[in-house]
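Welcome, and please open your viewer. We will go from stop to stop, selecting a few residues each time and looking at what surrounds them.

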Amino acid sequence: MTRAFLVVMDSVGIGGAPDAGRFFNGETPDTGANTLAHIARACAEGRADQGRCGPLRLPHLDALGLGAAIRLASGAVAPGLGAVPQGLWGAASEVSPGKDTPSGHWELAGLPVPWDWHYFPDTRPAFPPELSAAVARAAGTDGILGDCHASGTEILDRLGGEHIRTGWPICYTSADSVFQIAAHEERFGLDRLLTLCAEVAPLLHAMKVGRVIARPFVGTAETGFTRTPHRRDFAIAPPAPVLTDWVQAAGGHVHAVGKIGDIFSMQGIDDVVKGTDAALMDHLGGLIDSAGEGSLTFANFVEFDSLYGHRRDIAGYARALEWFDAAIGPLIARLRPGDLMILTADHGNDPSWSGTDHTRERVPVLGAGRGAKPVGLRGFTDVAASIADHLNLAERGPGRSFL
């Protein structure tokens, strides 16, 4: 039986991107950012002992070659990660002109982004007046709130009460190419929010804004506001076939776990499950037991990035890494003969770095199921080519297989 599992550890970078100096957090270039090495160093020095303690412990990932991949990518030594690799191991660099989720995932699936994304300036207002007016018209309101760069939790604390009083949607962005719309799930209505995002998405996509994100929330000004799990991304569809399409064209099923369906606008995807990372790990385990021959399971675990990287929470990120390692180990052991699992990332998000944005980094490429082998420094598209090789697909894209 031949099956493939592509698991993206969202934002788990390993430093060393050759073009990091072209990317910034505020006025600070990303040169020297290294998500995993800096977390490991903080753990070894006792600076990440909240909810955990001691050196970073990732025995299953390290056994595949994680520590060796960090040294290859950046020359950095990550304390506690020094095992002799027992799997495929290497590091990959991105060529797409962005350090965002769609760019990384598209390129891992064999398609470098063929354009520059549009980013909104960190000004007030952040959006062109005609865009804000179009969103208000679609919402049936006299205006919008926000119109700025903001963190999702901060802007709810600041504008949630005004949103309930006025009914105006809260619109904000970040250093990513995104337009986010937050609205109260009960007062504004979830269906209304999703319809609004769907209506304005083509306008944003025409501007080459990568994603329109619905951010529903609940609560009151008195008790506080909390985002719900009903987020939905309306992303630009890839402009050419990608790995998911290649698998389907060959008759294989494609199972999406997490936000993969949103990232690819369901292009080439048969089914999708969403939820917390813990729930997604259970779903991934179920697919290891049940996915059919010739299938691709494409998973994203986002909480490293969304809960800890952007919030610059080193200890929280370390806890998430250790949880992931403990959970993925038994799943690796359940792979069948003929299976390939590749674990990688889409960009970095160094929680020790300045600012709140992603960081431009190389990413680990770790493989289980095809023996122990160094694969060297690769491109993101080589991941797609290797999975295509493993599944005996006719299409390989621009990458080169490392199998």
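Start by selecting helix α5, residues 129–139; helices here are DSSP runs of H or I with at least four residues, strands are DSSP runs of E with at least two, and both are numbered from the N terminus. Colour its buried residues: Leu131, Ser132, Ala134, Val135, Ala136 and Ala139. Buried means under 20% relative accessible area, exposed means over 50%, and partly exposed lies in between, using a 1.4 Å probe and protein chains only. An α-helix has 3.6 residues a turn, so residues three or four places apart point the same way.

Before moving on, note that this is a predicted model, in which local features need pLDDT of at least 70 and side-chain atom pairs count only at pLDDT 80 or more, while totals for chains, interfaces and linings use all residues. Residues are numbered from 1 along each chain as its sequence is written, and side-chain values use heavy atoms, leaving out hydrogens and water.

Now show what α5 packs against. Its buried residues meet β5 (145–149), β6 (170–173), β7 (178–184) and α7 (185–206); a contact means heavy atoms within 4.5 Å. Just after α5, click on Gly140, which takes a positive phi of about 75°.

**The cores**

Next, select Leu56, Leu243, Phe324, Ile328 and Leu343, the residues with the most contacts inside the largest nonpolar core, which has 91 residues. Such a core is a set of buried Ala, Val, Leu, Ile, Met, Phe, Trp, Tyr and Cys residues joined through side-chain atoms within 4.5 Å. Helix α12 (residues 314–333) gives this core its largest share, 11 residues. A second, separate core of 24 residues includes Leu131, Ala136, Ile181 and Phe188.

**The annotated site**

Which residues does UniProt list for "binding site"? Its unreviewed entry names Asp10, Asp346 and His347; the positions follow the numbering used here, feature names are shortened, and annotations may be inferred rather than shown by experiment. Select all three: they are spread over 338 residues of sequence, yet they cluster in space, with a largest C-alpha distance of 7.2 Å.

Zoom in on Asp346, in the loop between β14 (339–344) and β15 (363–368). Asp346 counts as buried because its relative accessibility is 0%. Beyond residues up to four places away in sequence, it touches several others, including Asp10, Glu94 and His105. The side chains of Asp346 and His105 make a polar contact of 3.5 Å. A polar contact is a pair of N or O atoms within 3.5 Å; within protein, one must be able to donate a hydrogen and the other to accept it, and residues adjacent in sequence count only if both atoms are side-chain atoms.

His347 is found in the loop between β14 and β15 too. Its side chain joins that of Asp346 through a polar contact of 3.2 Å. With a relative accessibility of 1%, His347 is buried.

**Two cysteines**

A disulfide is a pair of cysteine sulfur atoms within 2.5 Å, and the count here comes to 0. Cys171 is buried at 0% relative accessibility, and Cys197 is buried at 0% as well.
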